[in-house]
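Hi everyone, thanks for coming. I'd like to walk you through one structure today, so please have a look at it first.

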Amino acid sequence: MSWVYINGEFVPAEDAAVSVYDHGLLYGDGVFEGIRAYNGRVFRLEEHVKRLYDSAKAIMLEVPITEEEMCSAILETLRKNELSNAYIRPIVTRGIGDLGLDPRKCPKSSTIIITQKWDAMYGDLYEVGLTAVTVTVRRNSPAAVPPNIKSLNYLNNILAKIEANVKGGDEAIFLDAEGNISEGSGDNVFVVKNGTILTPYTMNNLKGITRIAVFEVAESKGYPLKEVNLGLFDLYTADEMFVTGTAAEVAPVVKIDGRDVGDGKPGAITKDLIEGVSNLTQTTGTSI
């Protein structure tokens with residue numbers, strides 16, 4: 001039996017539910033995180049929980065437990081489900097209100113933690129590489145719904161994924177309203193050009209935890225890395241390209257909008273970074 005944590009209690013997964021009046025359901029009014037556990041350790045648990053609370057603060061959502069209590073609840077949920085390799089989804093919703101928008105009508109937020117066994121998101125595509133497509137739908141403007149708020153309102157991402165599915169892409173690549181590369185539908189974007197790793201600033205994309213791990217591995221291996229504005233030309237002429245995320249980990253992209261990236265195979269720097277980040281996830285973290 002699988003168990004879900006809801007407001008301090010463990011409920012069988014098949015019975016886990018929220019009210020139809022929960023503003024998380026009605027309006028996407030809430031925040032979440034995606035976290036991974038490897039070999040009995042949760043990778044960068046504190047960083048993920050901190051980002052969850054930052055997202056909540058940005059939308060004036062009061063989380064009913066402390067960051068330390070959230071970390072403890074996540075670990076206990078993993079133990080309850082006897083999971084040592086897992087994907088973890090902590091969620092905080094605005095809670096039960098009415099059919100109006102006013103969040104003041106929701107007196108108490110709700111905390112949910114879901115865990116499940118998790119394998120490689122892209123299967124054997126880590127070896128052969130992903131096909132990516134840019135999409136016509138633009139990333140939410142930081143002046144509207146800032147992408148750094150990891151909110152339950154993911155319709156922007158879903159629209160991009162729908163378009164990628166129609167176009168036959170494994171992943172969608174967003175541009176922002178100015179034509180700069182933003183991110184994937186669920187991951188950060190990197191390119192390699194002339195030995196230098198390039199990635200967009202985080203004003204128009206999520207401050208990814210795996211993204212930072214790539215920064216650290218690149219520095220340790222002596223690869224130059226820069227945050228810059230990137231456009232379509234930079235994707236089309238890249239020597240290598242890859243995306244990063246908690247679920248995706250580090251995944252090579254070998255084709256973008258019908259064009260081969262480099263020689264059409266995962267690049268040497270990308271493969272070196274995949275190995276380096278894998279070493280981090282497999283050997284570090286908070287013990288379950």
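This is a predicted model: local features need pLDDT of at least 70, side-chain atom pairs count only at pLDDT 80 or more; totals for chains, interfaces and linings use all residues.

**Salt bridges, pockets and a surface patch**

Residues are numbered from 1 along each chain as its sequence is written, and side-chain values use heavy atoms, with hydrogens and water left out.

Back to D98. Its side chain meets that of K105 in a salt bridge, at 3.6 Å from N to O. The term here stands for a side-chain nitrogen of Lys or Arg within 4 Å of a carboxyl oxygen of Asp or Glu. K105 is partly exposed too, with a relative accessible area of 47%.

Another pair is D102 and R104, whose closest N and O atoms are 2.8 Å apart. Here D102 counts as partly exposed at 24% relative accessibility, whereas R104, at 73%, counts as exposed.

How many salt bridges are there in the whole structure? A search finds 14. One that I'd like you to look at joins the side chains of D29 and R94, at 2.9 Å from N to O. D29 lies in the loop between α1 (23-27) and β3 (30-32), and R94 in the loop between β6 and β7, so this pair ties together parts that are 65 residues apart in sequence. Helices (H or I, at least four residues) and strands (E, at least two) are DSSP runs, numbered from the N terminus. And are D29 and R94 buried or exposed? Both are buried.

Now to the surface. L101 lies in the loop between β6 and β7 (110-117), and at 64% relative accessibility it counts as exposed. L101 belongs to a nonpolar surface patch together with V18, V20, Y21, L25, Y27, I96 and L99, and the patch has about 820 Å² of accessible area. Patches are built from residues with over 30% relative accessible area and no salt bridge, joining like charges within 9 Å and nonpolar side chains (Val, Leu, Ile, Met, Phe, Trp, Tyr) within 5 Å. The areas come from the Shrake-Rupley method with a 1.4 Å probe, and for residues only the protein chains shown count as cover.

On to the pockets. Rolling a probe the size of a water molecule over the atoms shows where empty space is left. On a 1 Å grid over the protein atoms alone, with a 1.4 Å probe, a pocket is an open set of points with protein on both sides within 12 Å along at least five of seven lines, and lining residues have an atom within 4 Å of a point.

The largest pocket has a volume of about 710 Å³, a volume being the space filled by probe spheres set on the points, which are joined across faces, edges and corners. Of its 40 lining residues, F32, Y87, K150, Y154 and G186 are the closest to the centre. Elements giving two or more residues to this lining are β6 (86-93), α5 (155-167), β10 (181-184), α6 (209-221) and β14 (240-245). By class, the lining has 17 nonpolar, 14 polar and nine charged residues. Nonpolar covers Ala, Val, Leu, Ile, Met, Phe, Trp, Tyr, Cys and Pro; charged covers Asp, Glu, Lys and Arg; the others, Gly among them, are polar.

The second largest pocket has a volume of about 370 Å³. It is lined by 22 residues, and R36, Y38, E249, T281 and Q282 lie nearest its centre. Which elements give two or more residues to this lining? They are β4 (35-38), α6, β15 (249-256) and α8 (268-283), with α8 giving the most, five residues. This lining divides into 11 nonpolar, eight polar and three charged residues.

Last, some backbone. Most residues other than glycine have a negative phi. N39, in the loop between β4 and β5 (41-42), has a positive phi near 50°. D257, in the loop between β15 and β16 (259-260), also has a positive phi near 50°.

Note on methods
Buried means under 20% relative accessible area, exposed over 50%, partly exposed in between (1.4 Å probe, protein chains only).
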